[in-house]
Amino acid sequence: MFEALSGKLNGVFDRLRRRGALTEADVAEASREVRIALLEADVALPVVKDIVSKVRERAVGANVIKSVSPAQQVIKIVNDCLVEALGGGEGVEQAPPGISLQAASPVPILMIGLQGSGKTTTSGKIALRLRTRDKKKVLLASLDVHRPAAQLQLETLAKQAGVASLPIVAGQTPLQIAARAMEVARGELYDVVILDTAGRLSIDEALMDEVAAVKAATRPHESLLVVDAMTGQDAVQTARAFNERVGITGIVMTRVDGDARGGAALSMRAVTGAPIKLLGAGEKLEALEDFHPDRIASRILGMGDIVSLVEKAAETIDRAEAEKMAAKMQKGQFDLEDYASQLKQIGKMGSLSGILGMLPGIGKMKAQLENANLDNTLLKRQAAIIGSMTPKERRNPDILKASRKKRIAAGAGATVQDVNRLLKQFDDMSAMMKRMSKLGQKGLMRGGLG
Ligand code: GDP
């Protein structure tokens, strides 16, 4: 998600960077281009208008700040506007990321959504996370009496997630199942009960009535609507309808690992009023992420998302190692040796394109990666190339002469072009990291400008 939008916005910023001082006409033109980029990303029209008018207003009214270039100032303004559209920003009351469990046990969580949105899978993902990360005792219950297969699917997912599922009793109504789930949870001291309601192919009154009745009976602490990011504006309209009719506390957007254009994420808050709380980024049960407006905005701007990357790495991999890596990245000391060990860890982290999307400089690498078949062969080859270098060369690849490159390529079963491609890619990455850490020091990406 977001690649196309990132590319477009980066183009706008590149053109701005080439100017010394920005005139009002530059800002007007940049706003126009931002508008087109957002529309092409399928952002809802009123939201586009709102973002663009804010960007223009703030860019024109901004005081010139000596320590940053005007283009950087515009990037910061666009960043802030995106963060706000995504439901974040200063002065906005922030719910903590992820779902809330601040209620008496057993905490009921209601899962709502259309069939195929990823609702059942997401129930399993949340259960796994609550068990492993929050150390909660979780009970999963399927209320889908229309599709017996759905109940069996949830039972299977519960096993995979290592949590209990409510025994299936044929012939019960959704309300009866919900009541039984709560009773079992109270009796057996469960912390959380996840109630997976039935889905339909499209919104209809019967579905709404059923979900509303279950909600009224169970008074869930969270009512999470699951929507498929790939369905774009339809997902936004679905969310609006469910919120108006049933009332939701948050949205989980799934399939963000696909090539959705990202507009739905940007429109969701403004159109529905409900916050996106979680993102589903793959079929595996581990592929669930907290939604951080500021980090998503920086991902859209193509600045990469080192924080998410490191966090994700820390969950899967050794925490101390990940922190060391983050510090190195920030100081611009990330070398080929570190890159090689990252490549090794990538396999453990699930979806490769998801991880790469978080790395800085990915825009430029993407074409190369697509040429080279975005799969593990490329990574293995790169690891082999780095493996054929001496430690000194890994720390300072600039010393590599043509003759050494040839030997390294031969040693790794690769070509000199492969070696050069790796070095170029690594250079791009390092340059981007340095730029990011500079921006960070100036407080551009985090705090205010002055
Ligand atoms: P439900 O009908 O809403 O319960 O949908 P399911 O949970 O059965 O999911 C439908 C399909 O989408 C399954 O094949 C899931 O593996 C897949 N799926 C769910 N979430 C994601 C996601 O975040 N990314 C991807 N790529 N696939 C997903």
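Helix α7 (residues 174-187) passes helix α8 (residues 205-218) in a right-handed crossing, the near helix being turned clockwise from the far one by less than a right angle. Helices here are DSSP runs of H or I with at least four residues, and strands are runs of E with at least two, numbered from the N terminus. The structure is a predicted model, in which local features need pLDDT of at least 70 and side-chain atom pairs count only at pLDDT 80 or more, while totals for chains, interfaces and linings use all residues. Residues are numbered from 1 along each chain as its sequence is written.

The axes of α7 and α8, which are lines fitted to C-alpha atoms over the stretch in contact, come within 10 Å and cross at roughly 30°. The angle, taken between N-to-C directions on a scale from 0 to 180 degrees, therefore makes α7 roughly parallel to α8, a class that covers angles under 35 degrees. In α7, Pro 174, Leu 175, Ala 178, Ala 179 and Met 182 meet Glu 210, Ala 213, Val 214, Ala 217 and Thr 218 of α8; contact requires C-beta atoms, placed from the backbone, to lie within 7 Å. Eight of these residues are nonpolar, one is polar and one is charged, where Ala, Val, Leu, Ile, Met, Phe, Trp, Tyr, Cys and Pro count as nonpolar, Asp, Glu, Lys and Arg as charged, and the others, Gly among them, as polar.

The contact of α5 with α6 has seven nonpolar, six polar and one charged residues.

Of the 18 residues around the ligand, Gly 118, Lys 119, Thr 120, Thr 121 and Gly 280 come nearest, a residue being near if its C-beta atom, placed from the backbone, lies within 6 Å. The shell divides into two nonpolar, 12 polar and four charged residues.

The protein as a whole comprises 20 helices and eight strands, and buried residues make up 45% of its 450 residues. Gln 382, in helix α17 (residues 376-387), counts as buried because it has 23 C-beta neighbours inside 10 Å, the threshold being 20 or more other C-beta atoms within 10 Å. Leu 343 and Leu 422 are touched by Gln 382, not counting residues up to four places away in sequence.

Methods:
Angles under 35 degrees count as roughly parallel, over 145 as roughly antiparallel, 65 to 115 as roughly perpendicular and the rest as oblique. Two residues are in contact if their C-beta atoms, placed from the backbone, lie within 7 Å. A residue is buried if 20 or more other C-beta atoms lie within 10 Å of its own, exposed if 12 or fewer, and partly exposed in between; C-beta atoms are placed from the backbone.
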